[in-house]
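Below are my notes on the model, as numbered points. Please read them with the structure open.

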Amino acid sequence: MDVVVGTAGHIDHGKTALVKALTGTDTDRLPEEKKRGITIDLGFAEMEHGGVHFGFVDVPGHERFVKNMLAGASGVDVVLLAVAADEGVMPQTREHFEICRLLGVRTGIVAVTKADLADEETIDIVKAEIADVVEGSFLETADVIPVSIRTGIGLEALKDGLARAAEKVPDRNDRLVSRLPVDRVFTKKGFGTVVTGTLASGSPAEGGELDLLPEGRVVRIRSIQSHGRSVKKAVSGNRTAINLAGLDHTEVSRGMLLAEKGVFRPTQAFDARIEVLSNTEKPVRSRQRVRVHVGSAELLARLAVLNDTGEIDPGKSGFVQFRFESPVTAIFGDRFIVRSYSPQVTIAGGTVLDSFPDRHRKKNIAHVIHFLKTLSGSAEDPAELLKNFVAGSGLNGIDFAELRARTGWNENVLNTA
């Protein structure tokens, strides 16, 4: 079994040190990270325990680097939330937790790090703070384990807890074609350009071709590695490295998408349902400029709130249309995070419903909302979803190419739906 674990938590709460203690790998690879003693970009490590192969994505905790954290968070199966015993819950503890919740992570574990620096009473207080933050969420019943990398206390218990969390990871969606959001690009002597990411769906194979989006360029797979091992075919949900033939590393960057050839096309807008965080200071309003993080990409957009008031209050949900300043590739069901333009703070998250919407007029809002509600309500039933797309989106008959671009479904699903 292969599981991707993403760290989360405030700066200097010991995420990177904890991953090193568990895996033996120092995920801080940049000279600036070594010099400053803080994690700036994504880092990666591996561990085998309890019959599970864990791929770790270690993320920066500083508020200035949340966008880097988001680039690696979208493919996470299990979250490892670190909270320091000597500081307790801090601002990035809360923000990282909310990001994981909004992205639909289903399971996780909490490590109370630096346990050697606090007495039992202090650790109990920190546990109570954690319980308050995660109440009613996917982490409400998660193991909370005090650990110390200096003394080794709790490390074996943490490994066992990760194995238990892995058992709760739901099966990957096998309806979708191959998609790999690119979160890292580098060159390797004798190989050339290598891109990495968590394979969101599908199973690209050595020698095959993929579209590089949003450019639409066709690229060929020279070789594939998964968790450090050479493989002929990648498996959905795994950390994956793809060596691309005939492509310079300057021609691909984080935020791009490798996808099955001929299925997707970029869009400049999508309709979605969003949840505004309860601690957001202001309502989300029409014409507000925001940063949208989908897959490994960060994009600027204006949003249009699809209701009579033109705003959604903190703690509430509603339907919106995002109009992007650059192309994005997204399909029905994709999760995303919304951050304010300035200052950069997480304010909402949501789910893509319609990737190719019209520009809505006020007189049609009631019809649009009804359509989006029907899509949202049929997410688990391909046949019902297909029917609703055809009935409500203005498509002229069942156009398989159009439906695949909107849903990412493979041909078997479309043929049986």
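1. Val263 sits in the loop that links strand 14 (257–260) to strand 15 (267–276); helices (H or I, at least four residues) and strands (E, at least two) are DSSP runs, numbered from the N terminus. Val263 is buried, its relative accessible area being 5% (buried means under 20%, exposed over 50%, partly exposed in between, with a 1.4 Å probe and protein chains only). Leaving aside residues up to four places away in sequence, Val263 touches Val177, Asp211, Arg404 and Ala405, where contact means heavy atoms within 4.5 Å.

2. A word on the source: this is a predicted model, in which local features need pLDDT of at least 70 and side-chain atom pairs count only at pLDDT 80 or more, while totals for chains, interfaces and linings use all residues. Residues are numbered from 1 along each chain as its sequence is written, and side-chain values use heavy atoms, with hydrogens and water left out.

3. The axes of helix 1 (residues 15–23) and helix 6 come within 11 Å and cross at roughly 85°; axes are lines fitted to C-alpha atoms, for helices over the stretch in contact, and angles run from 0 to 180 degrees between N-to-C directions. The two helices, helix 1 and helix 6, are therefore roughly perpendicular (65 to 115 degrees; under 35 counts as roughly parallel, over 145 as roughly antiparallel, the rest as oblique). Leu18, Ala21 and Leu22 of helix 1 meet Leu155, Leu158, Lys159 and Leu162 of helix 6.

4. The buried residues of helix 6 (residues 155–166) include Leu155, Leu158, Lys159 and Leu162.

5. Helix 3 (residues 66–73) and helix 4 (residues 91–102) have axes that come within 11 Å and cross at roughly 30°. That makes helix 3 roughly parallel to helix 4. On the helix 3 side the contact involves Val66, Met69 and Leu70, and on the helix 4 side Gln92, Glu95, His96, Ile99 and Cys100.

6. Two cis peptide bonds deserve a look. One joins Leu213 and Pro214, with omega about 15°, and Pro214 is in the loop between strand 10 (209–213) and strand 11 (217–226). Another runs from Ser342 to Pro343, with omega near -5°; Pro343 is in the loop between strand 21 (335–340) and strand 22 (346–354).

7. Lys114 has phi near 55° and is partly exposed, at 23% relative accessible area. Arg287 has phi near 75° and is exposed, at 61%.

Notes. Expected span 1.5 Å × (residues − 1).
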